[in-house]
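Keep the structure open while reading.

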Amino acid sequence: MRSTAWPATQTAPVDLLDRSVVPGVWARYTDLVIDRGEGSWLVTTDGQRYLDYTSGIGVTNTGHAHPRVTAAVRAQAARLLHGQQNIVYHKAGLELHARLAGLLPGGGWGAFLANSGAEAVEASVKLARVATGRPVIIAFRGGFHGRTAQTMALTSSRVTIRGDFEPLPGSVHQTPFPYCYRAPAGPHDPLDCTCDWEAQLELLFAQVVEPSRVAAILVEPIIGEGGYLIPPPGFLPRLRAITSQHGILLIADEVQTGFGRTGRFFAMEHWDVTPDIVVMAKGIASGLPLSGILASRELLDSWAPGSHGGTYGGNVVCCAAANATLDVIADEGLVENAELRGRQLRHALLPLAQRHPAVGDVRGLGCMVAIELVRADEGDGRTPDPTLAKRILAEALSRKLLLLSAGTWGQVVRIIPPLVTTEQEVDQAIAIIGESVAAALS
Ligand SMILES: Cc1ncc(COP(=O)(O)O)c(C=O)c1O
């Protein structure tokens, strides 16, 4: 049942401050009405400036309204808004396909473009099944891959995402991800990992599905919505070896981790692992709806013409925005900046875990940083504390810093600065987060 009443049908002039016109299904962090964005900042209709360390859920890696991106969008929009992929080619799309294919090592890669992250994950699954002739997809517990039927079936970050929507597409199985802070045997350093993910995967193969029936294993290199889980160093290389051994395709869902977010262009580079398929969205076009997959030309050729596609996939304006985004990421050294600013953030936030028992863990890679909140005096000291996380977000909002939550219980505060953020802005955020944690605990 909706908790808020729909407004009466509006006749002009529309009351722009009536937020109830938007349905309550959009779980909401703030009531802010935004006029414009500039770099790391959002400006409300009444002129208040907010430091946006949500990046619109990891999208605006080049900052809000980067002048080079907006100029490219404006120029393209004035020439052509829609050049449908089945009917024509366009220059922006040809350029982008070629540039994306060059992002992975070695040659022979190709790109397929769609609109949203979920659509791109669906594309990767359709491609894996057709290419291998096998039915099963294995995903990881705590992973998030989208909200369409197929991607809900692959998702297990929170029951709210999928729980009300069963039955979901089958031939999907889940296996544990190494969550070092919440390991049953106790929290431990990922460098000294004791998580039994490999034994659990082998058990899945022995009890549920033969590896020869598995088309692909889908993995977020760092689990995003599920709480910013950084795997131990051996995890992804070992997963690559296991998938190769069984002829299983490895799909890296880099929707949240790609385009420089973690201090590498793709997060898989941290572990020197090349997957068979990379899924991309979010940071790809600085906010315009574009997504895609990268795979070998050989794999892509296993799709018969017409067996996949979509009206809007690879929209020309979105492609122009993506080309400009790639230029900005390279020319402004944003991958390097993500690493530097992320290190600055983590270095300053790590002492919070020593200072406050309720801060169970501070972790991150590049500009993907998380603080996990717990009730330290309860159970084994790791009881998730979503109430505290919410209070911290509210305190930060009152100080004009926008943050998000994550994690199965909403117990994680996640910090996602745009990759253009400056040293000074990070210092400002660090001060506000410190004050907000202290205020939320008082
Ligand atoms: C890792 C990952 N995959 C897929 C998705 C789905 O993307 P979209 O919301 O664009 O469908 C998300 C969105 O947060 C994500 O973080």
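## Helix H2 against helix H10

H2 and H10 cross with right-handed geometry. The model behind this and every other value here is predicted. H2 spans residues 67–79 and H10 spans residues 316–331; their axes lie 8 Å apart at an angle of about 155°. The angle is over 145°, so H2 counts as roughly antiparallel to H10.

On the H2 side, the contact uses Arg68, Val69, Ala72, Val73, Gln76 and Ala77. H10 answers with Val316, Val317, Ala320, Ala321, Asn323, Ala324, Thr325, Asp327 and Val328. Sorted by class, this contact of H2 with H10 holds ten nonpolar, three polar and two charged residues.

## Helix H3 against helix H10

H10 also packs with H3, residues 91–101. Here the axes come within 8 Å and cross at roughly 45°. That angle makes H3 oblique to H10. The crossing of H3 and H10 is left-handed.

Ala92, Gly93, Glu95, Leu96 and Arg99 form the H3 side of the contact. They meet Val316, Cys319, Ala320, Ala322, Asn323 and Leu326 of H10. Seven nonpolar, two polar and two charged residues make up the contact of H3 with H10.

## Two domains

How is the chain divided? Domain 1 covers 19–62 + 334–441, and domain 2 covers 68–331. Taken over C-alpha atoms, the centres of domain 1 and domain 2 are separated by 25 Å.

At the interface, 28 residues of domain 1 contact 31 residues of domain 2. On the domain 1 side, the elements giving two or more residues are helix H1 (55–58), helix H11 (334–355), strand E11 (359–365), strand E12 (368–375) and strand E16 (412–415). That side of domain 1 has eleven nonpolar, eleven polar and six charged residues.

## Helix H11 against helix H13

H11 packs with helix H13, residues 423–441. The angle is about 20° and the axes are 10 Å apart. Angles under 35° count as roughly parallel, so H11 is roughly parallel to H13. The crossing of H11 and H13 is right-handed.

H11 contributes Arg341, Gln344, Leu345, Ala348, Leu349 and Leu352. H13 contributes Glu423, Val426, Ile430, Ile433 and Val437. By class, the contact of H11 with H13 counts eight nonpolar, one polar and two charged residues.

## Backbone features in two loops

Where does the chain hold a cis peptide bond? The bond from Glu166 to Pro167 is cis, with omega near 0°. Pro167 sits in the loop between helix H6 (159–162) and strand E6 (172–175).

Phe259 has a positive phi, near 55°, in a residue other than glycine. Phe259 belongs to the loop between strand E8 (249–253) and strand E9 (277–280).

Conventions
Residues are numbered from 1 along each chain as its sequence is written. This is a predicted model: local features need pLDDT of at least 70, side-chain atom pairs count only at pLDDT 80 or more; totals for chains, interfaces and linings use all residues. Axes are lines fitted to C-alpha atoms, for helices over the stretch in contact, and angles run from 0 to 180 degrees between N-to-C directions. Helices (H or I, at least four residues) and strands (E, at least two) are DSSP runs, numbered from the N terminus. Angles under 35 degrees count as roughly parallel, over 145 as roughly antiparallel, 65 to 115 as roughly perpendicular and the rest as oblique. A crossing is left-handed if the near helix is turned anticlockwise from the far one by less than a right angle, and right-handed if clockwise. Two residues are in contact if their C-beta atoms, placed from the backbone, lie within 7 Å. Ala, Val, Leu, Ile, Met, Phe, Trp, Tyr, Cys and Pro count as nonpolar, Asp, Glu, Lys and Arg as charged, and the others, Gly among them, as polar. Domain bounds come from an automatic or database domain assignment.
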